[in-house]
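Visitor: I have a model open and would like to learn how to read it. Can we take it feature by feature?

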Amino acid sequence: MDFAAVIDIVMGAVEQGLIYGILALGLLITYRILDFPDLTVDSSFPLGAAITAVLTVNGVNPLLSLLCAAAAGALAGLVTGLIHVRCHVLDLLSGIITMTGLYSINLRIAGRANLPFFASATLFKNPLTKSLPDWLAPYSTLVIILLIVLAAKLLLDAYLRTKAGFLLRAAGDNASVVTTLARDVGSVKIVGLMIANALVALAGAVMAQHQRTFDISMGTGTMVTGLASVIIGTNLFKSAGWMKSTTMVIIGSVLYKLCVSAAISCGLEAQDMKLVTAVLFLLILVAAQTQFKRKKVRIHA
Amino acid sequence: MLELRNISKTYNPGTVHETCLFSDFSLKIEEGSFVSVVGSNGSGKTSLLNILCGSIPVDGGQILIDGKDITHRKEFRRYARIGRVYQNPSMGTCPSMTILENLSLADNKGRRYGLTAGANKKRIGDYKAMLAPLGLGLEDKLGIAVGSLSGGQRQTLALLMATMTPIDFLILDEHTAALDPKTAEIVMRLTNSIVQEKKLTTLMVTHNLRYAVEYGDRLLMMHQGQAVLDKSGEEKIRTTVDDLLGIFNEISIECGN
């Protein structure tokens, strides 16, 4: 393998890792802040993709289509939240119910299981990016992704600093405090799920723009990828108190994608991707646990 | 005024573990009174608080605040006028948030939790002034996560958070039980001064008979879902710890303990 090919693979992994970083931001809310195992994401990711695909094919501005995708994701989160909070269904099951139902809805939105849009102007291939100077052109995709990830991260950071954000953090930290503040924990959870799934759908939409195609199966393993990113990020930088957890999970996501790419380029086929994703996730979980155990022993010693 | 009317409550109905805790239990708490509640484990003290706050539903009867029926009002809505401190110091604070963030959160109770800044930087001076007299050194730790504080520091913070906005009722659920004697004393004195200053109608469950005798203007002893002792005014002032212990022993003998 020559040097240029390696650079290509690394670039591709970093781009994908950053896109999945948006997804990790969403899972940071459900998994870390709310402690809610939200499986909705496996369908809200392709939901965002389906919406951006259909809108782009029909000539809507790609950037606008991203906002529509995020709004649809928020709706999916709302459904899961309502099932859990108002119908008192177990958190895990609420997500599974929405995920299963969304599968059909995603197919309806896209009209079919696979919707390529190579011919349309996308977020990354449009008249503006074509007019860029030669030296910048190879990096335009990376720069655009970085801008979107940064915007999502800064917005989430800002939200978590507001009163509403405080309430969201409190709901995950200690729900009884929210109740004694005369606020409904259920509503706070629903808002959290909406924001999380909006981010996940946004990630799915950006991914579809990047791949220039929607595929119904692209959501499989979303939860695993997102969780792996969150766990890698927050465990690796646990002692870096100055770093925000939003930054941690984005870096975690890039590292995870780099690991998966490295494994694939060591002779595995593209079809092994999900297996690699799952096995790597298992390794990370075990590693995070042993690290935790060792720390415990040290405290007792 | 707080009022419980003909409350009945059975745990695990229809099973072998069925236990009837309250049947036709009534209690009136006058505005501005500070009621201490003692009683053995399982006598219904904490259930009484949970029923008042709506943490557990009742099978029958009515709960009234100032004559208004709140029996079916949701728990979180009742806390608009109620402050509550739990036995477990970690129940009243958010461990991963800083002292400043916790105080700002509690300071906003009763108002909108919208998109304005969460941390109330303008009030930092007030917060410090509130924490300094406690002598726990919390005023210099505003930026520290509450999870790293001691139980006593956390419980003090929980008490301040529960009472920093205008409320009418204060519910204390064995709030000094998990603390060492010295810290318990500090928290108890702070409690009393807050109750006096804000003229809160207070219901305090405690296992500390001395606190029950020393603080408050009314004393209840619960046993098997009944108030077996109810003293107020002069009678309450004359009651001693030994009197209470005597009644406790009598009850225990009756139960065959």
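Visitor: Let me begin with one residue: in which helix is the place of Thr180(A)?

Guide: Thr180(A) sits in helix α8 of chain A, residues 175-180. Helices here are DSSP runs of H or I with at least four residues, strands are runs of E with at least two, and both are numbered from the N terminus. Before we go on, some ground rules: this is a predicted model, where local features need pLDDT of at least 70, side-chain atom pairs count only at pLDDT 80 or more, and totals for chains, interfaces and linings use all residues. Residues are numbered from 1 along each chain as its sequence is written, chains are lettered from A and ligands numbered from 1 in the order in which they are written, and side-chain values use heavy atoms, with hydrogens and water left out.

Visitor: Is Thr180(A) buried or exposed?

Guide: The general idea is a set of cut-offs on relative accessible area: buried is under 20%, exposed is over 50%, and partly exposed is in between (1.4 Å probe, protein chains only). Thr180(A) has 14% relative accessibility, so it counts as buried.

Visitor: And which residues is Thr180(A) in contact with, leaving aside its neighbours within four places in sequence?

Guide: Contact means heavy atoms within 4.5 Å. For Thr180(A) the list is Tyr79(B), Ile82(B), Arg84(B), Tyr86(B) and Lys109(B).

Visitor: That brings me to the interface. How do I read the area buried between chain B and chain A?

Guide: The size of an interface is often given as the accessible area lost when the parts come together. Buried area is that loss with a 1.4 Å probe, summed over both parts. Between chain B and chain A the area is about 2100 Å², and carbon and sulfur atoms give 65% of it. In residues, 30 of chain B are in contact with 19 of chain A.

Visitor: How many residue pairs are in polar contact across the interface of chain B and chain A?

Guide: A polar contact is a pair of N or O atoms within 3.5 Å; within protein, one must be able to donate a hydrogen and the other to accept it, and residues adjacent in sequence count only if both atoms are side-chain atoms. The rule finds 13 such residue pairs across the interface of chain B and chain A, both residues at pLDDT 80 or more. On the side of chain B that touches chain A, α2 (75-78), β6 (82-85) and α3 (99-107) each supply at least two residues. Helix α3(B) gives the most, with four residues.

Visitor: Which side chains meet in a salt bridge with Arg169(A)?

Guide: A salt bridge is a side-chain nitrogen of Lys or Arg within 4 Å of a carboxyl oxygen of Asp or Glu. Arg169(A) pairs with Glu101(B) at 3.0 Å, N to O. Arg169(A) lies in helix α7 of chain A (residues 163-173) and Glu101(B) in helix α3 of chain B, so the pair joins two chains. Both Arg169(A) and Glu101(B) are buried.

Visitor: What about salt bridges within chain B?

Guide: Take Glu185(B) and Arg210(B), whose closest N and O atoms are 3.0 Å apart. Glu185(B) lies in helix α6 (residues 181-198) and Arg210(B) in helix α7 (residues 209-214) of chain B, so the pair ties together parts that are 25 residues apart in sequence. Arg210(B) is partly exposed, at 34% relative accessibility. Another pair is Arg123(B) with Asp126(B), at 2.9 Å between the closest N and O atoms. Arg123(B) is partly exposed at 27%, and Asp126(B) is partly exposed at 39%. There is also a network of salt bridges that links Asp66(B), Arg81(B) and Asp168(B).

Visitor: What radius of gyration does chain B have?

Guide: The radius is taken over C-alpha atoms, and the globule rule is 2.2 Å times the number of residues to the power 0.38. For 257 residues a compact globule would be near 18 Å, and chain B has 19 Å, which agrees. The C-alpha trace of chain B spans about 55 × 40 × 35 Å along its principal axes. Chain B has nine helices and 10 strands, and 51% of its 257 residues count as buried.

How values were computed:
Buried area = accessible area lost by both parts, 1.4 Å probe.
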